[in-house]
Amino acid sequence: MNETALAADFDATIAADQRVEPRDWMPEAYRKTLIRQIAQHAHSEIIGMQPEGNWILRAPSLRRKAILLAKVQDEAGHGMYLYAAAETLGVDREELTEKLISAKQKYSSIFNYPTLSYADIGVIGWLVDGAAICNQVPLCRCSYGPYARAMIRICKEESFHQRQGYELLLAMVNGTDAQREMVQESVNRWWWPSLMMFGPADGASPNTQQSMAWGIKRHTNDELRQRFVDMTVPQAEALGVTLPDPDLRWNPQRQAHDFGEPDWEEFAAVIAGSGPCNAQRLEHRRRAHDDGAWVREAAQAYAEKHR
Ligand code: FAQ
């Protein structure tokens, strides 16, 4: 088949809502967009282990420690599935890791904020994993087969993460006044950064239109942000916490909540590398990579010996 026929074949696959597989022909720009998004997603899972990992040694009970360990370990697994999905597009994990630690590829803005109390573990599960699920469930129908299949398993595990966060918060809000205050203080810090996870407003999102035409994204950033707000408000009411937005209210005409604008200047600064923890996160990841060099060398030597 010549290039025109291959392109027509690709267009027909997308139009019929079928999956594109690694050996199928695909436009270079489609491949590049997927590598960008999947790599950024994989890096987010790996860097995302750090804020919660910070509390493993200080978990308040053995039960909480076991839950947190399992969750952080799941994030590592998600990173691995996603790097494997990216590798089907012709890049390798080593190359992607280099791009992460040299800050040439991004990871989610949310992981550049510090975890200051144990309530943050609950709030990350509730809001951050909640936002991640909202954004990622539609990716289970992404047009690229390996990414869509990885997302099915990831979403199942993220649901468990969200529930453990909510369960921890329920225990805290039913505890002492000090615990309730700790939860509210944590919600105040994480609410706006969670809304920023969905990306810039639609008018400022250069990639959405093309990614939707290709069936990579199924909804715009603003559509998913709205869905998240509508889903979260009743959960906040059930917990008895206030979401820190004076403009948040039900709009009966729209049958949806109105809400305020996130601070887009802060978002731009965080993704440009000057958020509260960017330097610390990358430094930690670089150190872990250097410390693991001997393991990679040993694995390589072992593989060569058995070739
Ligand atoms: N942070 O044109 P758009 C998790 C960048 S969940 C940093 O709208 P797009 C689970 C974007 O890359 C978090 N950068 O871009 C977990 C682009 O830059 P570029 C990870 C952001 O791709 C929970 C530029 O801004 N989830 O890890 C962000 O169409 C708890 C313009 O933006 C995913 O990655 C941001 N928030 O839409 C783990 C989901 N938003 O590359 C541990 C998959 C935008 O052109 C603990 N990704 N940018 O230089 C997606 O759905 C999409 O990529 C969006 C962005 C929606 C994030």
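Student: Which helix supplies the largest share of the lining of the largest pocket?
Tutor: In this predicted model, α2 (28-47), α4 (62-87), α6 (119-136), α7 (145-173), α10 (221-239) and α11 (264-274) each supply at least two residues of that lining. One of them gives the largest share, seven residues. That helix is α6.

Student: What is the volume of the largest pocket, and which residues are closest to its centre?
Tutor: The volume is about 1100 Å³. The lining counts 47 residues. Closest to the centre are Gln40, Ser108, Met197, Phe198 and Gly199.

Student: How many residues of that lining are nonpolar, polar and charged?
Tutor: Sorting the lining of the largest pocket by class gives eleven charged residues and 16 polar ones. The nonpolar residues number 20.

Student: Which element gives the most to the lining of the second largest pocket?
Tutor: The second largest pocket holds about 460 Å³ of space. Of its 16 lining residues, Ile46, Met49, Met80, Arg285 and Ala288 are the closest to the centre. Two or more lining residues come from each of α3 (49-53), α4, α5 (93-101) and α12 (278-291). The top contributor, with five residues, is α4.

Student: How many charged residues line the second largest pocket?
Tutor: By class, this lining has seven nonpolar and four polar residues. The charged ones number five.

Student: Now the rings. How are Tyr30 and Trp214 arranged, stacked or edge-to-face?
Tutor: The whole structure has nine aromatic pairs. In this one the ring centres lie 5.5 Å apart. The planes meet at 85°, and over 60 degrees counts as edge-to-face. The pair is therefore edge-to-face.

Student: How many residues apart are Tyr30 and Trp214?
Tutor: Both residues are buried. Tyr30 is in helix α2, while Trp214 is in the loop between α9 (208-213) and α10. The pair links distant parts of the chain, with a separation of 184 residues.

Student: Are Trp191 and Phe228 stacked or edge-to-face?
Tutor: Their centres are 5.9 Å apart. Trp191 lies in helix α8 (residues 177-196) and Phe228 in helix α10, 37 residues apart. The angle between the planes is 20°, and under 30 degrees counts as stacked. The pair is stacked.

Student: Why does Trp191 count as buried?
Tutor: Buried means under 20% relative accessible area. Trp191 is buried because its relative accessible area is 0%.

Student: Which residues do ring pairs link into a cluster?
Tutor: Tyr30 and Trp214 belong to it. Complete, the cluster is Phe10, Trp25, Tyr30 and Trp214.

Student: How far is the charged end of Arg58 from the ring centre of Trp55?
Tutor: The charged end of Arg58 sits over the Trp55 ring. Its distance from the ring centre is 4.0 Å.

Methods
Residues numbered from 1 in each chain as written. Predicted model: local features only at pLDDT ≥ 70, side-chain atom pairs only at ≥ 80, totals over all residues. Heavy atoms only, no water. 1 Å grid on protein atoms, 1.4 Å probe; cavity = no way out; pocket = protein on both sides within 12 Å on 5 of 7 lines; lining within 4 Å. Points joined across faces, edges and corners; volume = space filled by probe spheres on them. Helix = DSSP H or I, 4+ residues; strand = E, 2+ residues; numbered from the N terminus. Nonpolar A, V, L, I, M, F, W, Y, C, P; charged D, E, K, R; others polar. Phe/Tyr/Trp six-rings, centres within 6.5 Å; stacked < 30°, edge-to-face > 60°. Buried < 20%, exposed > 50% of the residue type's maximum accessible area, 1.4 Å probe, protein only. Lys NZ or Arg CZ within 6 Å of the ring centre and 35° of its normal.
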